[in-house]
Amino acid sequence: RRLDEQGLPNDGVRAAISVDAAQICKGWQERVAVRPSKLSGANLGLFSTFGHSCKELICPYEGERMPRPVFEKLLTTGKTSGFYAIRLPNGDILDAEFHKSPGRYANDGSLAGDGSQVNAFFHATSDDTIYIVSSKNIMPGDEILVSYGLAYWWPQEGQ
C-alpha cells in the first residue's frame, strides 16, 4: 500500500506541536544522515547523527504537491510508484518519489514486531507542510523509524 492511503492523523502529541517549524528545523541537514537501514528487507534508512529529544522536529518530508486526481493519473500510468506519497489533510498528495530529501528514507519501524522501535511520526502543520517529529528520545546513530499505518501494508483489492 501507499502512504497516501494512510493520511495524517492530527491527535494527541501531534496536536500539541504548535511551533514555527521552519525556525526549529534550521540546521536539520547536519542532524540526519541516510545510511543502510538496520531493518531486515529495507534498503536505506534515515539516521540521527546528533540525537533528538522527544517531540523535536527532525526534518521536513519534502516532495511534489499535487491534487489527488493528478497523482492517481501518474500512478496509473506508471510515472510514480506511490511508495513515497502522503495524503495531506487538505486531500492533496505530497509525493517524494523524485525528491531526494532525507525525510523520504524514514522506514516503518512497526514492521519489526510490536512497534516499540517506532521513535518518530509524521506531523502536518496548518499549511500542510510535513515534518518528521521524534516521539521519544533518539540517540546519535539510531535509525529514525515512523509508522506508516496499517492501511499502508493492508492488501489492496485484487492483490
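Analyst: The chain has 5 helices and 10 strands, where helices (H or I, at least four residues) and strands (E, at least two) are DSSP runs numbered from the N terminus. This is a predicted model, in which local features need pLDDT of at least 70 and side-chain atom pairs count only at pLDDT 80 or more, while totals for chains, interfaces and linings use all residues. Residues are numbered from 1 along each chain as its sequence is written, and side-chain values use heavy atoms, with hydrogens and water left out.

Of the 159 residues in the chain, 43% are buried; buried means under 20% relative accessible area, exposed over 50%, and partly exposed in between (1.4 Å probe, protein chains only). The chain exposes about 8,400 Å², and carbon and sulfur atoms supply 52% of that area. Accessible areas come from the Shrake-Rupley method with a 1.4 Å probe, and for residues only the protein chains shown count as cover. Among contacts with a separation of 6 or more, 69% are between residues 24 or more positions apart, a contact being heavy atoms within 4.5 Å.

Now the charged residues. Side chains of opposite charge can pair when their charged atoms come close. Here Lys and Arg count as positive and Asp and Glu as negative, while His and the chain ends are not counted. A salt bridge is a side-chain nitrogen of Lys or Arg within 4 Å of a carboxyl oxygen of Asp or Glu, and the structure holds 2 of them.

R31 sits in the loop between helix 3 (21–24) and strand 1 (32–36), and E56 in the loop between strand 2 (44–48) and strand 3, so the pair ties together parts that are 25 residues apart in sequence. R31 is partly exposed at a relative accessible area of 24%, whereas E56, at 17%, counts as buried.

The salt bridge between E72 and R68 has its closest N and O atoms 2.8 Å apart. Both residues belong to helix 4 (residues 68–76) and are 4 residues apart, about one turn of the helix. E72 is partly exposed, with a relative accessible area of 35%, and R68 is partly exposed at 24%. The side chains of R68 and E72 are also joined by a polar contact of 2.8 Å. A polar contact is a pair of N or O atoms within 3.5 Å; within protein, one must be able to donate a hydrogen and the other to accept it, and residues adjacent in sequence count only if both atoms are side-chain atoms.

R104 and E97 are a separate case. R104 lies in the loop between strand 6 (93–95) and strand 7 (107–108), and E97 is placed in the loop between strand 6 and strand 7. R104 is buried yet has no salt bridge, its nearest side chain of opposite charge being E97 at 5.9 Å. E97 is likewise buried without a salt bridge, and R104 is its nearest side chain of opposite charge.

Each has polar partners elsewhere. The side chain of R104 reaches the backbone oxygen of A96 at 2.9 Å. For E97, polar contacts run from its side chain to the side chain of T80 at 3.4 Å and to that of S81 at 2.6 Å. Leaving aside neighbours within four places in sequence, R104 is in contact with Y61, Y84, A96, E97, F98 and H99. With residues up to four places away not counted, E97 touches T80, S81, G82, F83, Y84 and R104.

For context, the largest nonpolar core has 21 residues, and those with the most contacts inside it are L46, I58, F122, I130, I132 and I144. Strand 3 (57–60), strand 8 (120–124) and strand 9 (130–134) each supply at least two of its residues, and the largest share, 3 residues, comes from strand 8. A nonpolar core is a set of buried Ala, Val, Leu, Ile, Met, Phe, Trp, Tyr and Cys residues joined through side-chain atoms within 4.5 Å. I144 is in the loop between strand 9 and strand 10 (145–146) and is buried, with a relative accessible area of 0%. Beyond four places in sequence, the contacts of I144 include V32, L46, I58, A120 and I132.
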